[in-house]
Amino acid sequence: MTKFLNKIQNPTQLRLLKQDDLPIIAKELRDFIINIVATKEGHLGASLGVIELTIALHYVFNTPKDQLVWDVGHQAYGHKILTGRRDTFETNRQLGGLSGFPNRSESNFDTFGVGHSSTSISAALGMAIASRLKGDLDTQHIAVIGDASIASGMAFEGLNHAGVTDANLLVILNDNAIGIDPSVGALKQYLTNVKKGTEKQDNIFEALNFDYSGPIDGHNLQLLISELKRLKNVKGPKFLHVITTKGKGLRQAEENQVTYHAPGKFNKDTGELNPKSNTKQAPKYQDVFGHTIVELAQQNEKIIGITPAMPTGSSLKYMMEQIPERAFDVGIAEQHAVTFAAGLATQGMVPFCNIYSTFLQRAYDQVIHDVALQGLPVIFCLDRAGLVGEDGATHHGVYDLSYLRCIPNLIIFAPRNEVELRNIMYTAQLGLKQPIAIRYPRGRGQNLDWQQPFSKIEIGKGECIKQGTTTAILSIGNMAKNVTEAFDLIEDTSAFSHYDMRFIKPLDVEMLHKIFKTHTTIVTIEDASVVGGFGSAIAEFSVKHNYKNTVILKGIPDQFIEHGTVLELQQSIQLDSKSLSGLLKKMAD
(Lines give C-alpha, C1' and ligand atoms only; values in the text may rest on other atoms or scores of the structure.)
Protein backbone atom coordinates (compact mmCIF):
# COMPACT_ATOMS: atom_id res chain seq x y z
CA MET A 1 0.00 0.00 0.00
CA THR A 2 1.45 3.36 -0.98
CA LYS A 3 1.74 5.99 1.72
CA PHE A 4 1.40 9.08 -0.49
CA LEU A 5 0.85 8.22 -4.15
CA ASN A 6 -2.76 7.07 -3.75
CA LYS A 7 -3.62 10.47 -2.28
CA ILE A 8 -2.24 12.48 -5.19
CA GLN A 9 -4.74 13.21 -7.94
CA ASN A 10 -2.86 16.23 -9.33
CA PRO A 11 0.32 18.26 -8.78
CA THR A 12 -1.49 20.73 -6.50
CA GLN A 13 -1.74 17.94 -3.93
CA LEU A 14 1.90 17.03 -4.52
CA ARG A 15 2.93 20.58 -3.64
CA LEU A 16 1.21 20.31 -0.25
CA LEU A 17 3.67 17.64 0.84
CA LYS A 18 6.82 18.32 2.83
CA GLN A 19 9.98 18.29 0.76
CA ASP A 20 11.39 15.53 2.98
CA ASP A 21 8.51 13.25 1.95
CA LEU A 22 9.27 13.44 -1.78
CA PRO A 23 11.84 10.59 -1.84
CA ILE A 24 9.06 8.31 -0.58
CA ILE A 25 6.89 9.44 -3.49
CA ALA A 26 9.80 8.68 -5.84
CA LYS A 27 10.05 5.09 -4.60
CA GLU A 28 6.28 4.59 -4.74
CA LEU A 29 6.13 6.01 -8.26
CA ARG A 30 8.92 3.72 -9.47
CA ASP A 31 7.25 0.68 -7.93
CA PHE A 32 3.90 1.65 -9.48
CA ILE A 33 5.40 1.95 -12.98
CA ILE A 34 7.35 -1.31 -12.64
CA ASN A 35 4.25 -3.20 -11.47
CA ILE A 36 2.11 -1.96 -14.37
CA VAL A 37 4.69 -2.27 -17.17
CA ALA A 38 5.70 -5.76 -15.97
CA THR A 39 2.27 -7.10 -16.93
CA LYS A 40 0.94 -4.60 -19.49
CA GLU A 41 4.20 -3.85 -21.36
CA GLY A 42 5.36 -0.43 -22.51
CA HIS A 43 8.40 1.83 -22.19
CA LEU A 44 10.21 1.38 -18.90
CA GLY A 45 13.80 2.59 -18.57
CA ALA A 46 13.25 6.17 -19.69
CA SER A 47 10.48 6.88 -17.16
CA LEU A 48 12.36 5.23 -14.29
CA GLY A 49 15.31 7.50 -15.03
CA VAL A 50 13.41 10.77 -14.61
CA ILE A 51 11.26 10.06 -11.54
CA GLU A 52 13.03 12.62 -9.33
CA LEU A 53 13.09 15.18 -12.14
CA THR A 54 9.37 14.66 -12.80
CA ILE A 55 8.50 15.15 -9.13
CA ALA A 56 10.74 18.21 -8.82
CA LEU A 57 9.24 19.85 -11.92
CA HIS A 58 5.66 19.46 -10.77
CA TYR A 59 6.63 20.43 -7.19
CA VAL A 60 8.40 23.66 -8.18
CA PHE A 61 6.37 24.80 -11.18
CA ASN A 62 2.67 25.64 -11.27
CA THR A 63 1.68 23.12 -13.92
CA PRO A 64 -0.39 23.19 -16.07
CA LYS A 65 -0.27 27.01 -16.09
CA ASP A 66 3.48 26.69 -16.30
CA GLN A 67 3.96 24.69 -19.49
CA LEU A 68 5.99 21.50 -19.44
CA VAL A 69 6.94 19.83 -22.74
CA TRP A 70 8.43 16.34 -22.76
CA ASP A 71 10.54 15.38 -25.76
CA VAL A 72 9.48 12.11 -27.46
CA GLY A 73 7.47 11.12 -24.39
CA HIS A 74 9.02 7.74 -23.55
CA GLN A 75 9.88 9.25 -20.17
CA ALA A 76 6.46 10.72 -19.34
CA TYR A 77 4.84 7.85 -17.42
CA GLY A 78 5.55 9.43 -14.03
CA HIS A 79 4.18 12.70 -15.35
CA LYS A 80 0.95 10.98 -16.43
CA ILE A 81 0.51 9.25 -13.08
CA LEU A 82 0.97 12.49 -11.11
CA THR A 83 -1.44 14.42 -13.34
CA GLY A 84 -4.69 12.59 -12.77
CA ARG A 85 -4.17 9.37 -14.70
CA ARG A 86 -2.97 7.04 -11.96
CA ASP A 87 -6.21 5.05 -11.76
CA THR A 88 -6.37 4.51 -15.54
CA PHE A 89 -2.64 3.98 -16.11
CA GLU A 90 -3.07 0.22 -16.48
CA THR A 91 -4.85 0.96 -19.80
CA ASN A 92 -1.67 2.60 -21.14
CA ARG A 93 -1.13 1.80 -24.86
CA GLN A 94 -4.22 -0.43 -24.98
CA LEU A 95 -7.17 0.02 -27.32
CA GLY A 96 -9.35 2.82 -25.94
CA GLY A 97 -6.88 3.47 -23.10
CA LEU A 98 -4.22 6.05 -22.37
CA SER A 99 -1.76 6.98 -25.08
CA GLY A 100 1.83 5.84 -24.57
CA PHE A 101 2.94 9.41 -25.24
CA PRO A 102 1.82 12.88 -24.07
CA ASN A 103 -1.36 13.75 -25.92
CA ARG A 104 -3.11 17.13 -25.87
CA SER A 105 -6.56 15.57 -26.15
CA GLU A 106 -5.91 13.43 -23.08
CA SER A 107 -4.94 16.05 -20.49
CA ASN A 108 -4.29 19.78 -20.19
CA PHE A 109 -1.04 18.80 -18.46
CA ASP A 110 0.11 17.38 -21.83
CA THR A 111 0.91 20.72 -23.42
CA PHE A 112 2.25 19.28 -26.67
CA GLY A 113 1.68 15.95 -28.42
CA VAL A 114 4.93 14.08 -29.04
CA GLY A 115 6.10 10.75 -30.40
CA HIS A 116 8.95 11.73 -32.69
CA SER A 117 11.98 13.28 -31.02
CA SER A 118 13.62 16.70 -30.85
CA THR A 119 10.48 18.86 -31.06
CA SER A 120 10.31 20.04 -27.44
CA ILE A 121 12.58 23.09 -27.65
CA SER A 122 10.82 24.55 -30.70
CA ALA A 123 7.38 23.90 -29.21
CA ALA A 124 8.24 25.35 -25.81
CA LEU A 125 9.85 28.37 -27.44
CA GLY A 126 6.67 28.96 -29.44
CA MET A 127 4.66 28.85 -26.22
CA ALA A 128 7.10 31.22 -24.50
CA ILE A 129 7.02 33.75 -27.33
CA ALA A 130 3.20 33.59 -27.37
CA SER A 131 3.10 34.30 -23.62
CA ARG A 132 5.39 37.31 -24.03
CA LEU A 133 3.31 38.68 -26.90
CA LYS A 134 0.25 38.43 -24.65
CA GLY A 135 2.03 40.43 -21.96
CA ASP A 136 2.48 37.39 -19.70
CA LEU A 137 6.01 37.49 -18.30
CA ASP A 138 5.41 35.11 -15.42
CA THR A 139 4.43 31.79 -17.02
CA GLN A 140 7.33 29.36 -17.14
CA HIS A 141 8.04 27.18 -20.18
CA ILE A 142 10.12 24.04 -19.72
CA ALA A 143 11.41 21.59 -22.36
CA VAL A 144 12.86 18.28 -21.15
CA ILE A 145 15.06 16.72 -23.82
CA GLY A 146 17.47 13.77 -23.85
CA ASP A 147 21.11 13.73 -24.94
CA ALA A 148 20.24 11.62 -28.02
CA SER A 149 17.37 13.92 -29.04
CA ILE A 150 19.31 17.17 -28.57
CA ALA A 151 21.81 16.04 -31.20
CA SER A 152 19.07 16.22 -33.84
CA GLY A 153 19.08 19.12 -36.29
CA MET A 154 15.67 20.37 -35.22
CA ALA A 155 16.79 20.68 -31.61
CA PHE A 156 19.76 22.77 -32.71
CA GLU A 157 17.45 24.95 -34.80
CA GLY A 158 15.36 25.58 -31.68
CA LEU A 159 18.41 26.37 -29.56
CA ASN A 160 19.76 28.69 -32.24
CA HIS A 161 16.53 30.68 -32.34
CA ALA A 162 15.95 30.71 -28.59
CA GLY A 163 19.41 32.12 -27.94
CA VAL A 164 18.54 35.42 -29.63
CA THR A 165 15.22 35.86 -27.81
CA ASP A 166 14.34 36.99 -24.31
CA ALA A 167 11.82 34.16 -23.99
CA ASN A 168 11.09 32.71 -20.57
CA LEU A 169 12.37 29.28 -21.58
CA LEU A 170 14.13 26.59 -19.57
CA VAL A 171 15.70 23.70 -21.49
CA ILE A 172 16.53 20.71 -19.30
CA LEU A 173 18.98 18.24 -20.79
CA ASN A 174 18.27 14.78 -19.37
CA ASP A 175 21.69 13.30 -19.98
CA ASN A 176 21.82 9.52 -19.53
CA ALA A 177 24.08 8.74 -22.52
CA ILE A 178 21.41 6.61 -24.21
CA GLY A 179 18.22 7.04 -26.23
CA ILE A 180 16.83 3.71 -27.41
CA ASP A 181 20.39 2.68 -28.27
CA PRO A 182 23.56 4.35 -26.93
CA SER A 183 23.93 7.96 -28.09
CA VAL A 184 26.47 8.63 -30.81
CA GLY A 185 28.40 11.54 -32.30
CA ALA A 186 30.65 14.42 -31.35
CA LEU A 187 28.04 16.07 -29.10
CA LYS A 188 27.83 12.87 -27.05
CA GLN A 189 31.62 13.00 -26.58
CA TYR A 190 31.37 16.67 -25.57
CA LEU A 191 28.72 15.88 -22.93
CA THR A 192 30.80 12.96 -21.67
CA ASN A 193 33.77 15.29 -21.24
CA VAL A 194 31.58 17.84 -19.43
CA LYS A 195 30.46 15.14 -16.99
CA LYS A 196 34.08 14.12 -16.37
CA GLY A 197 35.22 17.72 -16.05
CA THR A 198 37.72 17.24 -18.89
CA GLU A 199 36.06 19.40 -21.58
CA LYS A 200 38.53 22.07 -22.67
CA GLN A 201 36.37 23.87 -25.23
CA ASP A 202 34.03 26.75 -24.38
CA ASN A 203 30.58 25.72 -23.20
CA ILE A 204 28.52 25.17 -26.36
CA PHE A 205 25.24 26.19 -24.68
CA GLU A 206 26.65 29.37 -23.19
CA ALA A 207 27.97 30.19 -26.66
CA LEU A 208 24.33 30.02 -27.85
CA ASN A 209 23.39 32.66 -25.24
CA PHE A 210 21.81 30.30 -22.71
CA ASP A 211 22.30 30.75 -18.98
CA TYR A 212 23.92 27.33 -18.36
CA SER A 213 23.99 25.48 -15.06
CA GLY A 214 25.10 21.96 -14.20
CA PRO A 215 25.77 19.21 -14.64
CA ILE A 216 23.87 18.18 -11.50
CA ASP A 217 22.70 14.85 -10.10
CA GLY A 218 19.24 14.18 -11.52
CA HIS A 219 18.41 11.79 -8.69
CA ASN A 220 19.08 14.29 -5.88
CA LEU A 221 15.63 15.71 -5.23
CA GLN A 222 16.72 18.43 -2.83
CA LEU A 223 19.38 19.68 -5.26
CA LEU A 224 16.96 19.56 -8.21
CA ILE A 225 14.30 21.52 -6.35
CA SER A 226 16.79 24.12 -5.15
CA GLU A 227 18.17 24.65 -8.66
CA LEU A 228 14.73 24.79 -10.32
CA LYS A 229 13.56 27.37 -7.78
CA ARG A 230 16.63 29.47 -8.55
CA LEU A 231 16.11 29.21 -12.30
CA LYS A 232 12.49 30.40 -11.99
CA ASN A 233 13.87 33.85 -11.22
CA VAL A 234 16.46 33.94 -14.01
CA LYS A 235 15.31 35.91 -17.06
CA GLY A 236 15.68 34.77 -20.66
CA PRO A 237 16.68 31.35 -22.01
CA LYS A 238 18.16 28.97 -19.43
CA PHE A 239 19.79 25.55 -19.76
CA LEU A 240 20.02 22.98 -16.97
CA HIS A 241 22.23 19.92 -17.51
CA VAL A 242 20.98 16.96 -15.45
CA ILE A 243 22.74 13.60 -15.18
CA THR A 244 20.43 10.59 -14.76
CA THR A 245 20.59 6.80 -15.01
CA LYS A 246 18.13 5.22 -17.41
CA GLY A 247 16.25 2.42 -15.64
CA LYS A 248 17.06 3.81 -12.18
CA GLY A 249 15.62 1.65 -9.41
CA LEU A 250 15.52 -1.65 -11.30
CA ARG A 251 18.91 -3.34 -11.42
CA GLN A 252 18.37 -5.14 -14.73
CA ALA A 253 17.09 -1.96 -16.37
CA GLU A 254 20.16 -0.05 -15.22
CA GLU A 255 22.54 -2.77 -16.42
CA ASN A 256 20.81 -3.56 -19.73
CA GLN A 257 19.38 -0.24 -20.85
CA VAL A 258 18.74 -1.19 -24.48
CA THR A 259 16.64 -4.28 -23.64
CA TYR A 260 14.76 -2.55 -20.83
CA HIS A 261 13.85 0.50 -22.90
CA ALA A 262 10.69 -1.44 -23.75
CA PRO A 263 11.26 -4.92 -22.31
CA GLY A 264 7.91 -6.61 -22.84
CA LYS A 265 6.52 -8.54 -19.90
CA PHE A 266 8.80 -9.30 -16.93
CA ASN A 267 8.71 -10.40 -13.29
CA LYS A 268 7.99 -7.29 -11.23
CA ASP A 269 9.67 -8.79 -8.14
CA THR A 270 12.90 -10.05 -9.72
CA GLY A 271 13.06 -7.83 -12.80
CA GLU A 272 13.81 -10.84 -14.98
CA LEU A 273 12.22 -11.00 -18.43
CA ASN A 274 9.52 -13.63 -18.88
CA PRO A 275 10.98 -16.70 -20.58
CA LYS A 276 10.44 -16.86 -24.31
CA SER A 277 8.65 -19.76 -25.94
CA ASN A 278 10.91 -22.51 -27.27
CA THR A 279 8.60 -22.91 -30.24
CA LYS A 280 10.49 -22.04 -33.40
CA GLN A 281 8.93 -18.94 -34.94
CA ALA A 282 9.19 -17.17 -38.26
CA PRO A 283 11.71 -14.31 -38.10
CA LYS A 284 10.95 -10.67 -37.56
CA TYR A 285 11.10 -8.70 -40.79
CA GLN A 286 13.73 -6.42 -39.23
CA ASP A 287 15.97 -9.47 -38.62
CA VAL A 288 15.47 -10.66 -42.20
CA PHE A 289 16.76 -7.24 -43.27
CA GLY A 290 19.59 -7.32 -40.74
CA HIS A 291 20.92 -10.75 -41.63
CA THR A 292 20.38 -10.27 -45.38
CA ILE A 293 22.33 -7.01 -45.58
CA VAL A 294 25.27 -8.70 -43.86
CA GLU A 295 25.07 -11.59 -46.33
CA LEU A 296 24.96 -9.20 -49.28
CA ALA A 297 27.65 -6.87 -47.91
CA GLN A 298 30.04 -9.79 -47.54
CA GLN A 299 29.67 -10.36 -51.30
CA ASN A 300 29.46 -6.69 -52.37
CA GLU A 301 32.05 -4.40 -50.80
CA LYS A 302 30.22 -1.30 -52.01
CA ILE A 303 27.22 -1.87 -49.73
CA ILE A 304 26.87 0.61 -46.87
CA GLY A 305 24.29 0.36 -44.05
CA ILE A 306 22.80 3.50 -42.49
CA THR A 307 20.31 4.00 -39.67
CA PRO A 308 19.26 7.12 -37.75
CA ALA A 309 19.61 5.98 -34.11
CA MET A 310 17.81 2.64 -34.51
CA PRO A 311 20.49 -0.07 -34.90
CA THR A 312 18.63 -2.46 -32.61
CA GLY A 313 15.12 -1.63 -33.85
CA SER A 314 16.17 -1.97 -37.49
CA SER A 315 18.60 -4.87 -36.83
CA LEU A 316 21.43 -3.02 -38.59
CA LYS A 317 23.26 -3.92 -35.37
CA TYR A 318 24.29 -7.22 -37.02
CA MET A 319 26.21 -5.36 -39.73
CA MET A 320 27.61 -2.91 -37.18
CA GLU A 321 28.99 -5.88 -35.25
CA GLN A 322 30.38 -7.79 -38.24
CA ILE A 323 31.34 -5.05 -40.73
CA PRO A 324 31.57 -1.91 -38.51
CA GLU A 325 33.52 0.17 -41.03
CA ARG A 326 30.57 0.05 -43.47
CA ALA A 327 27.63 0.43 -41.06
CA PHE A 328 26.68 3.82 -39.64
CA ASP A 329 24.37 4.95 -36.85
CA VAL A 330 24.12 8.68 -37.57
CA GLY A 331 21.99 9.55 -34.53
CA ILE A 332 18.50 11.03 -34.55
CA ALA A 333 19.08 12.74 -37.87
CA GLU A 334 16.84 11.40 -40.61
CA GLN A 335 17.52 14.31 -42.96
CA HIS A 336 21.26 13.80 -42.63
CA ALA A 337 20.88 10.04 -43.06
CA VAL A 338 19.17 10.46 -46.44
CA THR A 339 21.56 13.06 -47.85
CA PHE A 340 24.56 11.16 -46.43
CA ALA A 341 23.27 8.16 -48.39
CA ALA A 342 22.92 10.34 -51.48
CA GLY A 343 26.52 11.49 -51.14
CA LEU A 344 27.70 7.89 -50.90
CA ALA A 345 25.68 7.00 -54.00
CA THR A 346 27.39 9.71 -56.07
CA GLN A 347 30.66 7.88 -55.45
CA GLY A 348 29.43 4.51 -56.63
CA MET A 349 28.61 3.06 -53.22
CA VAL A 350 25.38 1.11 -52.62
CA PRO A 351 23.72 2.70 -49.57
CA PHE A 352 20.92 0.88 -47.74
CA CYS A 353 19.21 3.63 -45.74
CA ASN A 354 17.08 1.91 -43.11
CA ILE A 355 14.48 4.23 -41.58
CA TYR A 356 11.15 3.51 -39.94
CA SER A 357 8.37 4.51 -42.32
CA THR A 358 6.99 7.06 -39.86
CA PHE A 359 10.43 8.68 -39.48
CA LEU A 360 11.11 9.01 -43.21
CA GLN A 361 8.43 11.70 -43.15
CA ARG A 362 11.03 13.87 -41.41
CA ALA A 363 13.34 13.68 -44.43
CA TYR A 364 10.84 14.20 -47.22
CA ASP A 365 12.65 17.13 -48.82
CA GLN A 366 15.89 15.16 -48.89
CA VAL A 367 14.21 12.17 -50.56
CA ILE A 368 12.90 14.46 -53.30
CA HIS A 369 15.69 16.99 -53.71
CA ASP A 370 18.85 15.09 -52.86
CA VAL A 371 17.98 11.57 -54.03
CA ALA A 372 15.16 11.31 -56.56
CA LEU A 373 15.78 14.56 -58.44
CA GLN A 374 19.36 13.45 -59.05
CA GLY A 375 18.37 9.87 -59.84
CA LEU A 376 20.71 8.49 -57.18
CA PRO A 377 20.25 4.75 -56.48
CA VAL A 378 19.73 4.94 -52.72
CA ILE A 379 17.95 1.87 -51.33
CA PHE A 380 15.40 2.90 -48.68
CA CYS A 381 14.35 0.08 -46.37
CA LEU A 382 11.23 1.30 -44.59
CA ASP A 383 10.70 -0.75 -41.45
CA ARG A 384 7.43 -0.59 -39.45
CA ALA A 385 5.33 0.16 -42.54
CA GLY A 386 1.58 -0.08 -42.00
CA LEU A 387 -0.11 -0.26 -38.59
CA VAL A 388 2.46 -0.82 -35.85
CA GLY A 389 0.21 -1.35 -32.83
CA GLU A 390 0.52 0.07 -29.35
CA ASP A 391 2.74 3.07 -30.15
CA GLY A 392 -0.23 4.55 -31.96
CA ALA A 393 -0.82 7.45 -34.31
CA THR A 394 2.67 8.95 -34.16
CA HIS A 395 4.29 5.67 -35.19
CA HIS A 396 1.96 4.05 -37.74
CA GLY A 397 3.73 3.89 -41.11
CA VAL A 398 0.61 4.45 -43.18
CA TYR A 399 1.48 7.55 -45.23
CA ASP A 400 4.59 6.37 -47.06
CA LEU A 401 2.82 5.21 -50.22
CA SER A 402 0.91 8.49 -50.51
CA TYR A 403 3.89 10.76 -50.02
CA LEU A 404 6.36 8.66 -52.03
CA ARG A 405 4.14 7.71 -54.96
CA CYS A 406 4.13 11.23 -56.37
CA ILE A 407 7.93 11.43 -56.57
CA PRO A 408 9.39 10.81 -60.05
CA ASN A 409 12.28 8.34 -60.49
CA LEU A 410 11.35 6.34 -57.39
CA ILE A 411 10.54 2.62 -57.36
CA ILE A 412 8.23 1.43 -54.54
CA PHE A 413 8.03 -2.26 -53.56
CA ALA A 414 6.18 -4.10 -50.80
CA PRO A 415 7.34 -7.70 -50.20
CA ARG A 416 4.66 -10.29 -49.54
CA ASN A 417 6.94 -12.30 -47.24
CA GLU A 418 10.50 -12.69 -45.99
CA VAL A 419 11.80 -14.37 -49.13
CA GLU A 420 10.59 -11.47 -51.26
CA LEU A 421 12.27 -8.99 -48.90
CA ARG A 422 15.57 -10.84 -49.35
CA ASN A 423 15.16 -11.00 -53.11
CA ILE A 424 14.33 -7.33 -53.59
CA MET A 425 17.33 -6.36 -51.43
CA TYR A 426 19.46 -8.64 -53.62
CA THR A 427 17.96 -7.15 -56.80
CA ALA A 428 18.44 -3.56 -55.65
CA GLN A 429 22.18 -3.97 -55.01
CA LEU A 430 22.81 -5.47 -58.45
CA GLY A 431 22.86 -1.99 -59.94
CA LEU A 432 19.59 -0.06 -60.18
CA LYS A 433 19.81 3.29 -61.97
CA GLN A 434 17.31 4.98 -59.64
CA PRO A 435 16.25 4.92 -55.97
CA ILE A 436 13.92 2.31 -54.52
CA ALA A 437 11.78 2.26 -51.38
CA ILE A 438 11.12 -1.17 -49.87
CA ARG A 439 8.38 -1.11 -47.21
CA TYR A 440 7.83 -3.97 -44.78
CA PRO A 441 5.87 -4.36 -41.54
CA ARG A 442 6.68 -4.58 -37.87
CA GLY A 443 6.63 -8.07 -36.42
CA ARG A 444 7.14 -11.58 -37.68
CA GLY A 445 6.82 -13.05 -41.12
CA GLN A 446 5.37 -16.41 -42.09
CA ASN A 447 8.20 -18.70 -43.16
CA LEU A 448 10.62 -20.73 -41.07
CA ASP A 449 12.61 -21.65 -44.18
CA TRP A 450 13.24 -18.08 -45.32
CA GLN A 451 16.98 -18.07 -46.09
CA GLN A 452 16.51 -19.24 -49.65
CA PRO A 453 19.09 -18.69 -52.42
CA PHE A 454 18.73 -15.22 -53.91
CA SER A 455 16.60 -14.69 -56.99
CA LYS A 456 16.38 -11.52 -59.08
CA ILE A 457 12.99 -9.80 -59.19
CA GLU A 458 11.86 -8.16 -62.42
CA ILE A 459 11.08 -4.52 -61.70
CA GLY A 460 7.42 -3.61 -62.14
CA LYS A 461 6.02 -7.15 -62.31
CA GLY A 462 3.21 -8.47 -60.14
CA GLU A 463 2.12 -12.06 -59.51
CA CYS A 464 -1.16 -13.94 -59.79
CA ILE A 465 -1.71 -15.96 -56.61
CA LYS A 466 -5.17 -17.29 -57.42
CA GLN A 467 -7.23 -17.23 -60.60
CA GLY A 468 -10.99 -16.63 -60.42
CA THR A 469 -13.76 -15.36 -62.67
CA THR A 470 -15.40 -12.01 -61.89
CA THR A 471 -13.75 -10.19 -58.99
CA ALA A 472 -10.03 -9.38 -58.75
CA ILE A 473 -8.47 -8.74 -55.33
CA LEU A 474 -5.29 -6.67 -55.68
CA SER A 475 -3.13 -6.62 -52.55
CA ILE A 476 0.32 -5.36 -51.67
CA GLY A 477 2.82 -6.56 -49.11
CA ASN A 478 1.76 -8.73 -46.19
CA MET A 479 -1.90 -7.86 -46.82
CA ALA A 480 -1.80 -10.89 -49.12
CA LYS A 481 -1.86 -13.02 -45.96
CA ASN A 482 -5.13 -11.41 -44.80
CA VAL A 483 -6.68 -12.02 -48.20
CA THR A 484 -5.60 -15.68 -48.22
CA GLU A 485 -6.98 -16.17 -44.69
CA ALA A 486 -10.23 -14.47 -45.76
CA PHE A 487 -10.59 -16.97 -48.62
CA ASP A 488 -10.18 -19.80 -46.10
CA LEU A 489 -13.33 -18.54 -44.36
CA ILE A 490 -15.43 -18.67 -47.54
CA GLU A 491 -16.90 -21.88 -48.97
CA ASP A 492 -16.86 -20.92 -52.63
CA THR A 493 -14.05 -18.62 -53.80
CA SER A 494 -14.27 -19.42 -57.50
CA ALA A 495 -15.39 -15.88 -58.33
CA PHE A 496 -12.26 -14.34 -56.86
CA SER A 497 -8.85 -13.84 -58.38
CA HIS A 498 -6.00 -12.66 -56.15
CA TYR A 499 -3.04 -10.67 -57.42
CA ASP A 500 -0.02 -9.55 -55.42
CA MET A 501 0.93 -6.39 -57.27
CA ARG A 502 4.27 -6.13 -55.40
CA PHE A 503 5.22 -2.84 -57.06
CA ILE A 504 3.23 0.26 -56.24
CA LYS A 505 5.48 2.14 -58.66
CA PRO A 506 5.91 1.30 -61.46
CA LEU A 507 2.63 -0.59 -61.69
CA ASP A 508 2.45 -3.77 -63.73
CA VAL A 509 0.49 -2.14 -66.53
CA GLU A 510 0.35 -5.25 -68.70
CA MET A 511 -1.15 -7.28 -65.84
CA LEU A 512 -3.61 -4.50 -64.95
CA HIS A 513 -5.00 -4.30 -68.49
CA LYS A 514 -5.56 -8.06 -68.40
CA ILE A 515 -7.24 -7.82 -64.98
CA PHE A 516 -9.57 -4.99 -65.98
CA LYS A 517 -10.56 -6.77 -69.20
CA THR A 518 -11.41 -10.06 -67.50
CA HIS A 519 -13.05 -8.96 -64.21
CA THR A 520 -16.04 -6.74 -63.51
CA THR A 521 -15.01 -5.67 -60.01
CA ILE A 522 -11.57 -4.70 -58.70
CA VAL A 523 -10.86 -4.55 -54.94
CA THR A 524 -7.57 -3.04 -53.73
CA ILE A 525 -6.29 -3.88 -50.23
CA GLU A 526 -3.41 -2.05 -48.55
CA ASP A 527 -2.14 -1.30 -45.05
CA ALA A 528 -1.65 2.33 -46.02
CA SER A 529 -3.76 5.44 -46.45
CA VAL A 530 -6.43 5.06 -49.11
CA VAL A 531 -5.94 8.76 -49.85
CA GLY A 532 -3.21 8.84 -52.46
CA GLY A 533 -2.02 5.29 -51.84
CA PHE A 534 -1.95 2.04 -53.82
CA GLY A 535 -5.70 1.99 -54.39
CA SER A 536 -5.57 5.53 -55.70
CA ALA A 537 -2.94 4.43 -58.20
CA ILE A 538 -5.26 1.69 -59.46
CA ALA A 539 -8.21 4.11 -59.65
CA GLU A 540 -6.05 6.54 -61.62
CA PHE A 541 -5.10 3.74 -64.00
CA SER A 542 -8.78 2.92 -64.49
CA VAL A 543 -9.67 6.53 -65.30
CA LYS A 544 -6.68 7.04 -67.56
CA HIS A 545 -7.64 4.05 -69.70
CA ASN A 546 -11.39 4.71 -69.54
CA TYR A 547 -12.31 1.42 -67.85
CA LYS A 548 -15.83 1.18 -66.42
CA ASN A 549 -15.18 -1.56 -63.85
CA THR A 550 -16.32 -1.12 -60.26
CA VAL A 551 -13.23 -0.24 -58.18
CA ILE A 552 -13.39 -0.64 -54.38
CA LEU A 553 -10.53 0.72 -52.25
CA LYS A 554 -9.77 -0.87 -48.86
CA GLY A 555 -7.06 0.54 -46.62
CA ILE A 556 -6.45 3.03 -43.82
CA PRO A 557 -9.31 5.58 -43.82
CA ASP A 558 -8.74 9.32 -43.83
CA GLN A 559 -8.30 9.57 -40.06
CA PHE A 560 -5.56 9.11 -37.49
CA ILE A 561 -5.61 5.58 -36.10
CA GLU A 562 -4.92 5.39 -32.37
CA HIS A 563 -3.24 2.62 -30.39
CA GLY A 564 -4.05 -1.03 -29.78
CA THR A 565 -2.77 -4.35 -31.05
CA VAL A 566 -2.36 -4.60 -34.83
CA LEU A 567 -5.24 -7.10 -34.98
CA GLU A 568 -7.53 -4.85 -32.92
CA LEU A 569 -6.73 -1.90 -35.16
CA GLN A 570 -7.27 -3.91 -38.33
CA GLN A 571 -10.62 -5.06 -36.94
CA SER A 572 -11.59 -1.46 -36.17
CA ILE A 573 -11.22 -0.53 -39.86
CA GLN A 574 -12.31 -3.91 -41.31
CA LEU A 575 -8.90 -4.86 -42.70
CA ASP A 576 -8.56 -8.12 -40.76
CA SER A 577 -9.16 -11.44 -42.50
CA LYS A 578 -12.57 -12.03 -40.89
CA SER A 579 -13.88 -8.61 -41.92
CA LEU A 580 -12.50 -9.06 -45.42
CA SER A 581 -14.22 -12.45 -45.70
CA GLY A 582 -17.50 -10.76 -44.77
CA LEU A 583 -16.98 -8.16 -47.50
CA LEU A 584 -16.19 -10.83 -50.09
CA LYS A 585 -19.22 -12.95 -49.10
CA LYS A 586 -21.50 -9.96 -49.65
CA MET A 587 -19.94 -9.34 -53.04
CA ALA A 588 -20.38 -13.01 -54.00
CA ASP A 589 -24.05 -12.89 -52.97
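## Cores, sheet and a helix pair

The largest nonpolar core has 51 residues. Leu14, Leu44, Ile55, Leu57, Ile172 and Leu228 have the most contacts inside this core. The model is predicted. Eight elements are listed below; each gives two or more residues to the core.

| Element | Residues |
|---|---|
| α2 | 22–40 |
| α4 | 51–60 |
| β1 | 67–70 |
| α5 | 77–85 |
| β2 | 141–146 |
| β3 | 169–175 |
| α10 | 221–232 |
| β5 | 238–243 |

Helix α2 supplies the largest share of the core, 10 residues. In soluble globular proteins, nonpolar side chains tend to be buried together.

Which residues does isoleucine 172 touch? Leaving out residues up to four places away in sequence, isoleucine 172 is in contact with Leu53, Leu57, Ile142, Ala143, Val144, Ile145, Leu228, Leu240 and Val242. A second, separate core holds 49 residues, including Tyr356, Tyr499, Met501 and Leu512.

**The sheet.** An open sheet is built from 5 strands in the order β1-β2-β3-β5-β4, with parallel pairing. Which strands stand at the edges? They are β1 and β4 (211–217). Each has a single partner strand, so one side of each is left without a neighbour in the sheet. From one strand to the next, the twist averages 15 degrees. Strands β1 and β2 run parallel and are joined by 4 bridges. Valine 69 stands opposite alanine 143 in β2. Alanine 143 is also among the residues touched by isoleucine 172.

**The α6 and α7 pair.** Helix α6 (residues 120–133) packs with helix α7 (residues 153–162) at an angle of about 30 degrees. Their axes are 7 Å apart. Angles under 35 degrees count as roughly parallel, so α6 is roughly parallel to α7. From α6, the contact uses Ile121, Ser122 and Leu125. From α7, it uses Met154, Ala155, Gly158, Leu159, His161 and Ala162. The contact residues divide into 6 nonpolar, 3 polar and no charged.

**Isoleucine 473.** This residue lies in strand β13 (residues 471–475). Is isoleucine 473 buried or exposed? Its relative accessible area is 0%, so isoleucine 473 is buried. Beyond residues up to four places away in sequence, isoleucine 473 touches Val483, Phe487, Phe496, Ser497, His498, Tyr499, Val523, Ile525 and Leu584. One of these, Tyr499, is included in the second core. Methionine 425 is 48 residues from isoleucine 473 along the chain, and their C-alpha atoms are separated by 26 Å.

Definitions and conventions:
Residues numbered from 1 in each chain as written. Predicted model: local features only at pLDDT ≥ 70, side-chain atom pairs only at ≥ 80, totals over all residues. Heavy atoms only, no water. Axes fitted to C-alpha atoms, helices over the stretch in contact; angles between N-to-C directions. Parallel < 35°, antiparallel > 145°, perpendicular 65-115°, else oblique. Contact = heavy atoms within 4.5 Å. Nonpolar A, V, L, I, M, F, W, Y, C, P; charged D, E, K, R; others polar. Buried < 20%, exposed > 50% of the residue type's maximum accessible area, 1.4 Å probe, protein only. Core = buried A, V, L, I, M, F, W, Y, C linked by side-chain atoms within 4.5 Å. Pairing = 2+ DSSP bridges.
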